[in-house]
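The following paragraphs lead through the architecture of a single protein chain. Please keep the sequence and the model in view while reading.

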Amino acid sequence: MIKFKVNDTDVSFNEDPTTPLLWVIREKIGLTGTKFGCGAGLCGACSLHLNGSVVRSCVLPVAAVNEQEITTIEGLSKDASHPVQKAWQEVDVPQCGYCQSGMIMAATSLLNDKPHATDEEISNAITNLCRCGTYQRIREAIHLAKSIGAENE
């Protein structure tokens, strides 16, 4: 039996341990904010946090998260009040929505590791794909999130 926490809730999974974490999160637990994109770990739509670090859940077998902690977009905040979510709304980043949850999770992980990330560090760390091409707004929102986070401290 594989046991782990998702958004501070204990989860047990007793099926195929090679099942991608994304399918367990979406189909077994019912948290659909994490999206399926390419299925190959390339686009980042399925990004979530494993022990605080961003991972691509479509290529991560559920057995790899045994006894660990997962945070999904639903667990980032209960009311979209996380500084990155606020910045996303203020800069009007969302277009089609395909990449949004994965982008927000990647940006949050980056800012946790590098609260004063430069444009170059953002470009190197955020490798998620946005088919609407809103990369400039994403970068702007990440910089804004830094100041929103500072205001909240």
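In this predicted model, strand β1, residues 2-6, is paired with β2 in the antiparallel sense, and the pairing runs over five bridges. Within this pair, Ile-2 stands opposite Phe-13 of β2. Strands of a sheet pair through backbone hydrogen bonds, either parallel or antiparallel.

The two strands belong to an open sheet of five, with the order β2-β1-β5-β3-β4 and mixed pairing. Which strands stand at the edges of the sheet? They are β2 (9-13) and β4 (53-56); each has a single partner strand, so one side of each is left without a neighbour in the sheet. From one strand to the next, the twist averages 40°.

Two helices may be considered against this sheet. Helix α1, residues 21-28, packs on the sheet and touches β1, β2, β3 (47-50) and β5 (69-71). The direction of α1 makes about 70° with that of β1. The buried residues of α1 are Leu-21, Leu-22, Val-24 and Ile-25, and these pack against β1, β2, β3 and β5. An α-helix has 3.6 residues a turn, so residues three or four places apart point the same way. Following α1 comes Gly-30, with a positive phi near 85°. Helix α4 also packs on the sheet, where it touches β3, β4 and β5; the direction of α4 makes about 40° with that of β3.

For the chain as a whole, the count is six helices and five strands. Read from the N terminus, the elements run β-β-α-β-β-β-α-α-α-α-α. Among contacts between residues at least 6 apart in sequence, 59% join residues at least 24 apart. The C-alpha atoms fill a box of roughly 45 × 35 × 25 Å along the principal axes. A compact globule of 153 residues would have a radius of gyration near 15 Å, and the chain agrees with this because its own value is 15 Å. Of the 153 residues, 44% are buried.

The largest nonpolar core has 27 residues, of which Val-84, Trp-88, Met-103, Ile-126, Ile-138 and Ile-142 touch the most other members. Elements giving two or more residues to this core are α2 (73-76), α3 (83-91), α4 (100-113) and α6 (135-152). The most comes from α4, which gives seven residues. Apart from this core lies another, of 16 residues, including Val-11, Leu-48, Val-55 and Leu-60.

The buried residues of α3 are Pro-83, Val-84, Gln-85, Ala-87, Trp-88 and Val-91. What does Trp-88 touch, not counting residues up to four places away in sequence? The residues touched by Trp-88 are Val-93, Pro-94, Gln-100, Met-103, Ile-104, Ala-107, Ile-138, Ala-141 and Ile-142. After α3 comes Asp-92, whose phi is positive, near 60°.

Thr-134, in the loop between α5 (119-125) and α6, is in contact with Val-93 and Gln-95 when neighbours within four places in sequence are left aside. Thr-134 counts as buried because its relative accessibility is 6%, under the 20% limit. Glu-140 lies in helix α6. The C-alpha atoms of Glu-140 and Val-93 are separated by 9.0 Å, although the two residues are 47 residues apart along the chain. With a relative accessibility of 45%, Glu-140 counts as partly exposed.

The cysteines remain to be examined. A disulfide is a covalent bond between the sulfur atoms of two cysteines. How many disulfides does a search of the whole structure find? The search finds zero. For Cys-99, the closest cysteine sulfur is in Cys-130, at 3.8 Å, which is too far for a bond because the cut-off is 2.5 Å. For Cys-132, the closest cysteine sulfur is that of Cys-96, at 3.6 Å, also too far for a bond.

Conventions: Residues numbered from 1 in each chain as written. Predicted model: local features only at pLDDT ≥ 70, side-chain atom pairs only at ≥ 80, totals over all residues. Heavy atoms only, no water. Core = buried A, V, L, I, M, F, W, Y, C linked by side-chain atoms within 4.5 Å. Buried < 20%, exposed > 50% of the residue type's maximum accessible area, 1.4 Å probe, protein only. Helix = DSSP H or I, 4+ residues; strand = E, 2+ residues; numbered from the N terminus. Contact = heavy atoms within 4.5 Å. Pairing = 2+ DSSP bridges. Axes fitted to C-alpha atoms, helices over the stretch in contact; angles between N-to-C directions. Rg over C-alpha atoms; globule rule 2.2 N^0.38 Å.
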